[in-house]
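Here is a short briefing on one protein model. Look at the structure first, then read the points by topic.

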Amino acid sequence: MKKYNFGAGPSILPQQAMKATAEACIDFNGIGLSLMEMSHRSKEFQAVMDEAQALMKELLGVPEGYSVIFLGGGASLEFCMVPYNFLEKKAAYVNTGVWATKAQKEAKLFGEVVEVASSADKNFTYVPKGYTIPTDADYLHITTNNTIYGTEIFTDIDSPIPVIADMSSDILSRPVDVSKYTMIYGGAQKNLAMAGVTFVIVKDDMLGKVSRTIPTMLDYRTHQKKGSMFNTPPVIPIYSAMQTLRWIKQEGGVKEMDRRASERADLLYAEIDRNKFFRGTAVAEDRSRMNICFVMNDEYKDLEAEFLSFALENGMWGLKGHRDVGGFRASCYNAMSVEGVKALIACMQEFEKKH
């Protein structure tokens, strides 16, 4: 039986990226050594780093004057590094869920934080709109995709102040006007690579403007100047990212990923809306294409565990929803095929017939 991984992360990756990474762990490029045991200072790994950075810039259309950096620590470390490097007096945050809340909490350690908008009043089931951005803030922070509650920001915000975005789970799924952002960052284990590396795209001339002294490892300039090689980088996850970026380019680039994301989401949401057993949790206009959250309708709540078991028996992995939402979550990152979504829909329809 074919299995489909709908887990929220670490998530599904392209088969060719996984196979190439596995092979590199045994014998890298036929030289008889594992990539795991090679020096990150070697010309062989430098070529990996250079290609991964160049592909990120090419696929996202990153303008001149920006650096692509690969770091450890996950997006959670960036919650601290962002205010350390950019918050002088005040920062503005849009709160769209758990990860936005955590980012905001860290920023409060470094200065005044203004929550300009929040969707907490309705359990983060929508994206706030029509809020006022304070022009005296150092930056506006947004989280573009809400992995837990299933909402997504689909457009690049026009802002009078610098915008910093956590794009952990929707990076490379749609075209982005990078010039509208001072910084974009995210954990790679959703749409880019295996767990263990964080990507940062940062505007060079915005660094070094805060008056505080920043510890060496937490200063973006350290990694920007050294090309992500100040210390030993997570070599295997970066290689995995390079292979995934190759796959995206080969498949038609970010525009094709965007088309596929819409196709998958349209199919699955249509079935959720049609099937009497299920309903979506997010408002229709803000539904995420990456993390499709749905629950059993109230009259069928007692069948929730049975459906999860039924789905697992039919090869659908990772469907259990986050504890804050319950129900189910079908994460449809770039590597998820339309075939996988159709298999899930068939499973939902078969369960409907069964009852």
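Leaving aside neighbours within four places in sequence, Arg-41 is in contact with Met-229 and Phe-230 (contact means heavy atoms within 4.5 Å). The model is predicted: local features need pLDDT of at least 70, side-chain atom pairs count only at pLDDT 80 or more, and totals for chains, interfaces and linings use all residues. Residues are numbered from 1 along each chain as its sequence is written, and side-chain values use heavy atoms, with hydrogens and water left out.

**Arg-41**

- UniProt, in an unreviewed entry, places the feature "binding site" at Arg-41; UniProt positions are in the numbering used here, feature names are shortened, and annotations may be inferred rather than shown by experiment.
- Arg-41 sits in the loop between helix H1 (15-26) and helix H2 (43-60). Helices (H or I, at least four residues) and strands (E, at least two) are DSSP runs, numbered from the N terminus.
- The side chains of Arg-41 and His-40 make a polar contact at 3.2 Å. The term covers a pair of N or O atoms within 3.5 Å; within protein, one must be able to donate a hydrogen and the other to accept it, and residues adjacent in sequence count only if both atoms are side-chain atoms.

**Gln-243**

- Helix H6 (residues 235-251) holds Gln-243.
- Gln-243 counts as buried because its relative accessibility is 7% (buried is under 20% relative accessible area, exposed over 50%, partly exposed in between; 1.4 Å probe, protein chains only).
- Not counting residues up to four places away in sequence, Gln-243 touches Ala-17, Ala-20 and Thr-21.

**Domain 1 against domain 2**

- The protein is divided into domain 1 (15-251) and domain 2 (253-354), with bounds from an automatic or database domain assignment.
- The C-alpha centres of the two domains lie 27 Å apart.
- Contacts link 30 residues of domain 1 with 27 residues of domain 2.
- The domains bury about 2,300 Å² between them, 53% of it on carbon and sulfur atoms. Buried area is the accessible area (1.4 Å probe) that two parts lose on being put together, summed over both.
- In domain 1, Ile-148, Ser-173 and Glu-251 lose the most area to domain 2, together 20% of what that side buries.

- Lys-129 and Glu-285 meet through their side chains in a salt bridge (3.3 Å, N to O).
- On the side of domain 1 that touches domain 2, the elements giving two or more residues are H2, strand E6 (145-146), strand E7 (151-152) and H6.
- H6 gives the largest share of that side, 4 residues.

Conventions: A salt bridge is a side-chain nitrogen of Lys or Arg within 4 Å of a carboxyl oxygen of Asp or Glu.
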